[in-house]
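Take a look at the sequence and the 3D structure below. A short report follows them.

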Amino acid sequence: MSTLSITGLNVYFSTEDGPLHALKDVSFDVPERKIVGIVGESGCGKSTLINAILGLLADNGEVRSGQILFEGVHDLPQLSAAQMQDLRGPRIATVFQDPMGALNPVLSVGQQMINIQYRDRVSKAQKAARAVEMLKLVRIPDAGSALHRYPHQFSGGMKQRIAIAMALMMEPALLIADEPTTALDATLEVTTIELLKDLQQSIGCSVMFISHHLGVIAELCDEVAVMYAGEVVERGSVRDVFHAPAHPYTRRLLECDPARQTERTRVLPTIPGEIPDLRARPPGCVFAARCLQHHGGCDGPQGEVMLGAGHAARCNLAAVEVPA
Amino acid sequence: MSEATSNAPAAPRPQSEFIRSLKRLLREPLGVLGLALVLLVIFGAVFADLLSQWDPTRINPRVRFEGPSGEHLLGTDQLGRDLFARVLHGGRIALYVALVSTAVSLAIGIVLGLIAGYGPRWLDNLMILLFDAMKSFPTVMLALALVTIVGPSLTAVMIVVVLVNVPGYARIVRTQTIAIKSSEFVTAAQSAGASTARILRVHIMPNVIGPLVILASMDIPVVIAIEAGMSFLGLGVRPPTPSWGSILNDGFAQIRETPWIAIAGGVPIIVTTLGFTFLGETLRDVFDPRLKGR
Amino acid sequence: MSEAPILSVDDVQVAFPVGGMLNRGAILGVAGVSFSVQRGETFALVGESGSGKTTLARAINGLQEISEGAITFDGGRIDGLGKRQMKPIRKRMSMMFQDPVGSLSPRMTVGDLVTEPFRIHGTEGRNLRDEAARLLTLVGLPADFAARYPHQLSGGQARRVGVARAIALDPALIIADEPTAGLDVSVQGEVLNLLNDLRERLGLAMVIITHNLHVVHHVADRTAVMYLGRFVEMGETETMFANPRHPYTAALLSANPEPDPDKTHDRITLPAEVPSLLARPPGCEFHTRCPWAQDRCSRDAPPGGDVACHYPLAPGARAPVATQVTEPVT
């Protein structure tokens, strides 16, 4: 059973210039005890996806169709605000790019970590002990005294680790991590993802990890979904997608990563063009306008082409081009 | 939990920001009502001479305390002056005071605020002290003190309004200036060699002026109330010049016998105040960046 | 290298006052740094947050006063110049700031933004509308973008406008602070290609400041790695990438996750966090995080020169020479 299973999700925003189709036919699974990466560039719909899952779409946003099945029982868009509130936090936890979004600047770290456990009927001392244990787990030095300190007294990397500790304290079934390492320096980024991987294994939760950094996804995730202009253009195991990318966008994105260019070059690969206006989606492939392999078959509706176990690409050339 | 931020991807806006905001304004019932009331008052003031053939200051003892009739739409006052004409011309005074003194307050407030916000620290501290000292005077006390010096007049009213408004505006401009002066586009202008005057004029002022003008539009009813209040107390417009405050005062003494005089003075004040308040509040909502895209 | 360098920085320090009235002190954001940039050369300053790279850039650009040392630009001292004396220098040295959109004045049109340098330094009879069109074309934007406002631009487009502004007055040197920050991977390349192209066509010298070593690899001729306000290693970019000598450089290079799930990472992890500038470690300032630190490292300051390390790494080695007796040193 999957922790999170999204099928045929369509999200619209009403704008002054008409409806904006922000997510189109999004389907993917976050299997139990797996880390699934969501990759995409700005405007790909990553934040809309998170907000749709969490039931936090802006007032002008609407889930028109599709299912977001959590732990096989709850269809999240059907839940009431109060039911969603009960799930967010204890069952579905989140970590954002800016840890200060999760930390209250005027409360000590200890107070906040004790407050999170308000549902548990144990003594305050026991709650504090759990908080210390959690801080040790995320490798905060001198965890006992760290409880009495305030968020601003920690460095950026430590703040993010504390935010992770707070998110995982209630042992959620699903952790949604939205670019949690983007603001960190390279050396901190790698230690943070290693830590996240360890924690995920010891707690046994599932993780949906959103990042634009392909290297981080490759290192951390089991599966990956590549998003472009509100669609999942390719999904599969990290190995399948990164070693045998079937969608032209995935291929081009991989080429653009400067780390991939081991030879020094003065001309770096790019993807010219821009994402289409989502108020006027092209009827065919959403990437067609920027695609080098664009042909007549791309102008009609595109379905997902299954390429192997769990590996699918929304490109009519996928089946032809990639040998099994 | 984090707030749901604007999740719609940014796309180039084909229409100008102004037109969009205007359209949003016209979709708010309260905004439309406010706009209608304000336009009504402006219309009355501008076309006062066409709407009533009576001279608002002409005394006619034969028609004192006459009730509303076809001849005198709102009746006459204790000197036999036509109240409808006086109300229309009183609107002129009210709007004149409101617009001129608000504009002057804005100009002074912006200049002082920019100086305080961008200038050296000691000057900022000194100016803040001054603003706070000025703000601590109650409006009526300030008015009384000033009138004792210069005597009651329209100018006195306007000076009071400016003195009351400037500290608030200057403080807002100062806070905004301090926030903006450390932003990257200002550093970029400094790096390009732009002079202080240019930075203030081109890079900072356009970014503080928008919210301030909306705030000022919400202050207009306050100004109108100050003018009416001072004229009511005899500290403002000198008779026989019509003002809503003095009409109210004229009717105040005989409110039991001839209530129409007080009504003629009071209703316009209420209508104008409500109109500008509704309009100002809607404008603020419409231009508020947090509500964009809705 | 017979020609004089366009920029030379000699033992520059930048001190920030800290503390109150009684315990007044200073911390060094930049603690004695020297380098020079030749005409037409691209020099990269690499470091993590708090390394002082942006402070150094601001100091070169005259936005930050220096407390020690000298900065020479185009043959003349420019440190300590007043605003008026600095103005002609600003025509020849322009700076690009980190935030692509945030460094553009939000109420100005693109046309006004790219021609602002002319308005500041005199138009000399130029038609500003033509100049705007010329500059936008030069950076690969359609000329009708002149009517747009910054919020109507994507990150990459805004960055191009920033580049257009920077090259408007035909400068001799551009300082670019994180030119690829906040940009998508597919757009990063575009901006770097543009900078490379302009550099070749206009003969610009560039100082690029970044935390991303892989960006540097493709654009910079020489690179300096900064840690706590000092250079720990400086040299030819290609050599440094092939054979990092300082453990910190090696750690930075190994810290980049690559998009290959099967890659085994032979990673140098740095324990602890960057020390505070208020409490600089004694001896070699990197010893608190260095995996190969010896007794001596906590005592003696490292030697000067291009590699500030007592036990630099041997070419191709993953550990310092002194501790790897078995590995032949080539």
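This report covers a chain contact, a helix and a nonpolar core.

## About the model

This is a predicted model: local features need pLDDT of at least 70, side-chain atom pairs count only at pLDDT 80 or more, and totals for chains, interfaces and linings use all residues. Residues are numbered from 1 along each chain as its sequence is written, while chains are lettered from A and ligands numbered from 1 in the order in which they are written.

## Where chain C meets chain B

Here, 20 residues of chain C are in contact with 16 residues of chain B. Contact means that two C-beta atoms, placed from the backbone, lie within 7 Å. On the chain C side, α2 (83–92), β6 (93–96) and α3 (110–121) each give two or more residues. α3(C) gives the most, with four residues. Helices (H or I, at least four residues) and strands (E, at least two) are DSSP runs, numbered from the N terminus.

## An enclosed helix

Helix α1 (residues 53–60) of chain C has eight of its eight residues buried, so it is largely enclosed by the rest of the structure. Buried means that 20 or more other C-beta atoms lie within 10 Å of a residue's own, with C-beta atoms placed from the backbone. Among the buried residues are Lys53(C), Leu56(C) and Arg58(C). Just after α1(C), Gly62(C) takes a positive phi of about 75 degrees.

## The largest nonpolar core

A nonpolar core is a set of buried Ala, Val, Leu, Ile, Met, Phe, Trp, Tyr and Cys residues joined through C-beta atoms within 7 Å. The largest one has 261 residues. Leu175(A), Met208(A) and Val226(A) have the most contacts inside it. Helix α4 (residues 83–118) of chain B supplies the largest share of this core, 15 residues.

Notes
A residue is buried if 20 or more other C-beta atoms lie within 10 Å of its own, exposed if 12 or fewer, and partly exposed in between; C-beta atoms are placed from the backbone.
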